[in-house]
Amino acid sequence: MVATIIDGKAFAATVRGKVAGHVARLKADHGIIPGLAVVLVGEDPASQVYVRSKGKMTVEVGMNSYEHKLEADTSEADLLALIDQLNTDPEVHGILVQLPLPGHLNEALVINAIDPAKDVDGFHISNVGLLATGQKAMVPCTPLGCLMMLRDHLGSLSGLNAVVIGRSNIVGKPMAQLLLGDSCTVTIAHSRTKDILAVSRRADIVVAAVGRPQMVTGDWIKPGATVIDVGINRIDAPEKGEGKTRLVGDCDFDSCAEVAGAITPVPGGVGPMTIACLLANTVTACSRAHG
Ligand code: GUN
């Protein structure tokens, strides 16, 4: 293996430490405690794990965590009424509605009902527009965490060829905007891209966010490229015993690490940075609210 491993877990701990310092100053100087409300509709097991982890880290950095768990068959009107209440609650500075929502709820409608100033996910159309036009926005947490690791590892990204694999609203599209903002030459590749292997191989930076376990293999990677693996996929691991599973990314770690200059592991790469950036966005929202 030649690649440097980018330690997202350690980086995230540093970011959380800075957030904790900021929270402590807000408390000491102004008597303000930032508050994050997380809304979970239904019982998707992966979402439950994320929400628990977000709540725990929120409290660890000294902020208030408000969890709202709603039944899977909650009506859109009831969900919108809760969002309205959180929008006007002065103790709540950040609101996150965990996605995906159950099928009967209109995701776009729900997200756009959040006060853009409290939209710590950066999914509201106002924040999407602000990011796209280079204005001060709430930036989606996963792409922001990826950008921070890239800047930390590479310094300036100016002029580099970046390929984002995946075109989701949560990761692919905002990631492309952020890389463009740092003067990369950006390509978004997806399931319909012709000769995706050749496209990927041109890249100095590959961000894989497709949700397909180990899809990107070493032959997709230009020697020395920096690989950011956003995927978190659970696969069977018979080698660990019957019925056991393990987490893998969208990249085949071993073959990519043979070729890449640097790579993020799964777990311990992008995942912890996402939560750290959520906490950072919440403290930012709180500071702006009391600006
Ligand atoms: N589901 C998967 N990732 C995310 C995220 O970053 N924010 C929200 N709200 N839901 C998600």
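This is a predicted model: local features need pLDDT of at least 70, side-chain atom pairs count only at pLDDT 80 or more; totals for chains, interfaces and linings use all residues.
## The span of residues 140-288

In UniProt, an unreviewed entry lists residues 140-288 as "domain: Tetrahydrofolate dehydrogenase/cyclohydrolase NAD(P)-binding".

## Helix 6 with helix 10

Two packed helices are described by the angle between their axes and the distance between the axes. For helix 6 (residues 141-154) and helix 10, the axes come within 8 Å and cross at roughly 110°. Helix 6 and helix 10 are therefore roughly perpendicular to each other, since angles of 65 to 115 degrees are counted in that way.

On the side of helix 6, the residues that meet helix 10 are Cys141, Thr142, Leu144, Gly145, Cys146, Met148 and Met149. Their partners in helix 10 are Val270, Met273, Thr274, Ala276, Cys277, Leu278 and Asn281. Sorted by class, the contact of helix 6 with helix 10 has 10 nonpolar and four polar residues, with no charged residues.

## Helix 6 with helix 7

Helix 6 also packs with helix 7 (residues 172-181): the two axes come within 8 Å and cross at roughly 35°. The crossing of helix 6 and helix 7 is right-handed.

Which residues of helix 6 and helix 7 meet? Pro143, Cys146 and Leu147 in helix 6 meet Pro174, Met175 and Leu178 in helix 7. The contact of helix 6 with helix 7 has six nonpolar residues and neither polar nor charged ones. Cys146 is listed in the contact of helix 6 with helix 10 and in the contact of helix 6 with helix 7.

## Helix 2 with helix 10

Helix 10 (residues 270-289) has a further contact, with helix 2 (residues 45-60): their axes come within 10 Å and cross at roughly 50°. That angle makes helix 2 oblique to helix 10. Helix 2 passes helix 10 in a right-handed crossing.

Helix 2 contributes Ser53, Lys54, Met57 and Thr58 to the contact, and helix 10 contributes Ile275, Leu278 and Leu279. By class, the contact of helix 2 with helix 10 has four nonpolar residues, two polar residues and one charged residue. Leu278 of helix 10 is listed in this contact with helix 2 and in the contact with helix 6.

## Backbone features in the loops

Most residues other than glycine have a negative phi, and most peptide bonds are trans.

The peptide bond from Leu99 to Pro100 is cis, with omega near 0°. Pro100 lies in the loop between strand 4 (94-97) and helix 4 (107-111). A cis peptide bond also joins Val266 and Pro267, with omega of about 0°. Pro267 is located in the loop between strand 11 (262-263) and helix 10.

Ser183 is found in the loop between helix 7 and strand 6 (185-189).

Key:
Residues are numbered from 1 along each chain as its sequence is written. Axes are lines fitted to C-alpha atoms, for helices over the stretch in contact, and angles run from 0 to 180 degrees between N-to-C directions. Helices (H or I, at least four residues) and strands (E, at least two) are DSSP runs, numbered from the N terminus. Angles under 35 degrees count as roughly parallel, over 145 as roughly antiparallel, 65 to 115 as roughly perpendicular and the rest as oblique. A crossing is left-handed if the near helix is turned anticlockwise from the far one by less than a right angle, and right-handed if clockwise. Two residues are in contact if their C-beta atoms, placed from the backbone, lie within 7 Å. Ala, Val, Leu, Ile, Met, Phe, Trp, Tyr, Cys and Pro count as nonpolar, Asp, Glu, Lys and Arg as charged, and the others, Gly among them, as polar. UniProt positions are given in the numbering used here, feature names are shortened, and annotations may be inferred rather than shown by experiment.
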